[in-house]
Amino acid sequence: MEEPKKSFVNRLSWLVAKNSHRVLTYSQQGKRYYADFVKVPPHKIVVSHNVMNTDYWLSQADADNAKDSFVVLYVGALISSKRVAELVEAFAMVREYHEAKLIIVGDGPEKKRIEKQISSLNLDSDVELAGHVSEDIQVYFNRGTILVLPGLGGMVISQAMCFGLPVICTCLL
């Protein structure tokens with residue numbers, strides 16, 4: 001794991017974590033980060049794996065939803081560690097040979113860069129930027145054929161599986 005850049009937010013996080021009674025993280029990777037880089041004693045770090053109510057999401061799946069076309073779905077923040085720009089680049093290659101749509105659900109600092117990339121690759125009619133969606137996210141999962149996460153992912157993997165979507169993701173450890 002590479003040491004993160006020392007931004008103001010990272011310094012503030014370090015100060016808070018260092019002076020906390022306990023640090024809560026949802027993965028072993030997070031625990032290693034706090035132990036290795038922030039120097040929080042391991043006994044102060046609690047790992048609470050990210051979980052969700054799968055019964056709720058299973059009830060939202062539309063089993064009768066006939067797919068009109070092949071829809072690649074991405075759900076997550078538009079930040080560099082999620083590698084959405086790489087997904088757009090790969091999708092452009094797929095589009096050279098197959099009919100498909102790409103739906104990107106999320107928002108973040110990489111949005112303008114991704115919009116420019118979509119235009120420069122002439123993908124405007126094939127890519128939908130849905131923006132941040134906090135309610136009715138099931139609409140997008142029901143439209144998707146497959147979920148692709150080229151970077152870091154989390155609960156969205158379990159959500160997609162509740163909708164019967166296969167998931168392609170990378171493991172960046």
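Predicted model: local features only at pLDDT ≥ 70, side-chain atom pairs only at ≥ 80, totals over all residues.

**Stop 1: Ser119.** Select Ser119, in helix H5. Is Ser119 buried, exposed or partly exposed? Its relative accessible area is 37%, so Ser119 is partly exposed. Now show side chains. That of Ser119 makes a polar contact with the side chain of Asp124, at 3.1 Å.

**Stop 2: the rest of H5.** Select Ile114, Gln117 and Ile118, which are buried residues of H5. Look down the helix axis. The buried residues fall within an arc of 100 degrees, so they line one face of H5. What do they pack against? Their partners are H4, S4 and S5. Now turn to the face pointing away from the buried side. Here sit Lys112, Lys116 and Ser120, which are exposed. Asn122 follows H5 and has a positive phi, near 55 degrees.

**Stop 3: Asp126.** Continue to Asp126, in the loop between helix H5 (111-120) and strand S5 (127-131). Asp126 counts as buried because its relative accessibility is 11%, and the cut-off for buried is under 20%. Which side chain does the side chain of Asp126 meet in a polar contact? Select Arg95: the distance is 3.1 Å. Then display the wider surroundings. Beyond neighbours within four places in sequence, Asp126 is in contact with Phe91, Arg95, Ala100, Lys101 and Leu102.

**Stop 4: the sheet.** Zoom out and colour the strands. Five of them form an open sheet in the order S5-S4-S3-S6-S7, with parallel pairing. S5 and strand S7 (167-169) are the edges; each has a single partner strand, so one side of each lacks a neighbour in the sheet. From one strand to the next, the twist averages 20 degrees. Go to the S7 edge. Strand S6 (residues 146-149) runs parallel to S7, joined by three bridges. Pick Leu149: its bridge partner in S7 is Cys169.

**Stop 5: helices on the sheet.** Select helix H4 (residues 84-95), which packs on the sheet. H4 touches strand S3 (71-75), strand S4 (101-105), S5 and S6. The direction of H4 makes about 170 degrees with that of S4. Finish on helix H7 (residues 155-162), which also packs on the sheet and touches S3, S6 and S7. The direction of H7 makes about 170 degrees with that of S6.

Methods: Residues numbered from 1 in each chain as written. Heavy atoms only, no water. Helix = DSSP H or I, 4+ residues; strand = E, 2+ residues; numbered from the N terminus. Buried < 20%, exposed > 50% of the residue type's maximum accessible area, 1.4 Å probe, protein only. Polar contact = N/O pair within 3.5 Å; in protein donor to acceptor, adjacent residues only side chain to side chain. Contact = heavy atoms within 4.5 Å. Pairing = 2+ DSSP bridges. Axes fitted to C-alpha atoms, helices over the stretch in contact; angles between N-to-C directions. Arc of directions from axis to C-beta.
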